[in-house]
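Subject: Structure handover and what was found in it

Hello,

Here is the structure we spoke about. Please open it first, then read the notes below.

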Amino acid sequence: MTGARLILGKDVSESIYSELRVRIQALKNNGTTPGLAVVLVGDDPASQVYVRMKGKMCEELGMRSLTITLPPSATQEELLAKIGELNRDPGIHGFLVQLPLPGHMDEEEVINAIDPRKDVDCFHPSNVGRMLIGNPDFLPATPAGVQQMLIRSGIDTSGRHVVVVGRSNIVGKPMAAMMLQKGKGADSTVTVVHSRTKDLPSATRQADILIVAIGKPKFITADMVKDGAVVIDVGTNRVDDPSSPKGSRLVGDVDFDAVREKASAISPVPGGVGPMTICMLMANTVAAAEMAAEVIR
Ligand code: NDP
């Protein structure tokens with residue numbers, strides 16, 4: 001075998017952005033410019049990069065972008081007051097608070113304070129519940145991105161065995177819940193494995209579609225993958241690489257070169273799931289603006 005077909009988030013996101021541009025223009029024609037706000041507390045460099053990328057993408061799409069930066073010393077009350085303002089601001093259709101928050105803040109209280117209709121990260125318990133019962137306003141960005149990669153690459157998920165490695169609230173759990181729903185890009189038989197799973201390789205070898213989100217470089221080796229499986233690697237790990245000018249490079253949770261020889265389709269890192277998260281955040285913001293403008297879709 002010469003190697004699996006590549007599933008590239010860049011290509012998939014480009015097709016979604018083209019569709020979003022049409023919807024954004026339709027909203028603008030009716031007097032609504034979709035607006036996304038991002039609240040950043042503190043000065044974590046990685047968070048600053050993510051926040052800048054989100055703002056830049058809003059501008060590229062012709063959406064309104066607002067970044068609110070609070071100092072690391074900001075209090076919980078100051079942050080909650082800012083969330084209250086954004087909940088009431090009619091020009092902001094969606095917003096998120098960039099995580100992680102400084103240690104003195106209560107993340108759960110912060111998420112609960114966001115108006116669910118503006119919760120474009122889909123972290124509010126009401127949106128998580130709606131997703132679980134199959135009646136969502138929004139889907140969480142990273143798992144939604146993975147699902148779009150599968151759908152738009154023509155990969156049939158119905159009746160296929162999907163094994164999700166990892167059970168975090170932002171990737172593994174919602175991913176499993178979404179693949180379990182009825183409908184397009186879902187209808188799968190789902191297994192979730194994690195650090196307490198006994199004999200994890202025997203579970204991953206059962207997967208027709210293997211979705212990995214654990215944060216351990218090259219954890220999934222070729223012997224853990226069934227011949228012809230579809231492999232989606234959500235993991236993003238920075239490892240030392242003296243041969244690179246930066247001294248480091250990004251790798252996924254999957255041993256890409258070896259697994260590519262066995263899989264039928266695989267997403268690389270970087271270039272795979274990465275671009276999808278911001279793309280689906282933009283899609284959620286457009287959907288929030290359409291909800292606010294009562295556009296029937
Ligand atoms: P978390 O650290 O929150 O969760 C990791 C999960 O992996 C946990 O459920 C943990 O199990 C499980 N796990 C850890 N080690 C093992 C192991 N040895 N065997 C089996 N399971 C294990 O991570 P996230 O879900 O937030 O992120 C996972 C990866 O995806 C990271 O590399 C992150 O950077 C990346 N990511 C990429 C995004 C993108 O846009 N491309 C977006 C979000 C995340 P347990 O619960 O038992 O501890």
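First, a definition: two strands count as paired if DSSP finds at least two bridges between them. Strands (E, at least two residues) and helices (H or I, at least four) are DSSP runs, numbered from the N terminus.

This is a predicted model: local features need pLDDT of at least 70, side-chain atom pairs count only at pLDDT 80 or more, and totals for chains, interfaces and linings use all residues. Residues are numbered from 1 along each chain as its sequence is written, and side-chain values use heavy atoms, with hydrogens and water left out.

Domains

The chain is divided into domain 1 (31-115) and domain 2 (140-275). These bounds come from an automatic or database domain assignment. The centres of the two domains, taken over C-alpha atoms, are separated by 29 Å.

Seven bridges join β2 (residues 35-41) to β3 in the parallel sense. Within that pair, Gly35 stands opposite Arg64 in β3.

The six-stranded sheet

A second topic is the open sheet of six strands, ordered β1-β11-β8-β7-β5-β6 with parallel pairing. Its edge strands are β1 (5-6) and β6 (189-193), and each pairs on one side only. Inside the sheet, β5 (residues 161-165) and β7 (residues 209-212) pair in the parallel sense over four bridges. Val164 stands opposite Ile211 in β7.

The cavity

A search of the whole structure finds one cavity of 30 Å³ or more. A cavity is a set of points on a 1 Å grid, over the protein atoms alone, where a 1.4 Å probe fits but cannot get out; lining residues have an atom within 4 Å of a point. Points are joined across faces, edges and corners, and a volume is the space filled by probe spheres set on them. The largest cavity has a volume of about 70 Å³.

Its lining includes Phe95, Leu96, Val97, Val110 and Ile111. The elements that give two or more residues to this lining are β4 and α4 (107-113). β4 gives the most, with three residues. By class, the lining has eight nonpolar, no polar and two charged residues. Ala, Val, Leu, Ile, Met, Phe, Trp, Tyr, Cys and Pro count as nonpolar, Asp, Glu, Lys and Arg as charged, and the others, Gly among them, as polar.

Backbone details

A cis peptide bond joins Leu99 and Pro100, with omega about 0 degrees. Pro100 is in the loop between β4 and α4. Leu99 also lines the largest cavity. Another cis peptide bond joins Val269 and Pro270, again with omega about 0 degrees. Pro270 lies in the loop between β11 (265-266) and α10 (274-292).

Asp199 has a positive phi of about 55 degrees, although it is not a glycine. Asp199 lies in the loop between β6 and α8 (200-204).

Best wishes

Terms used. 1 Å grid on protein atoms, 1.4 Å probe; cavity = no way out; pocket = protein on both sides within 12 Å on 5 of 7 lines; lining within 4 Å.
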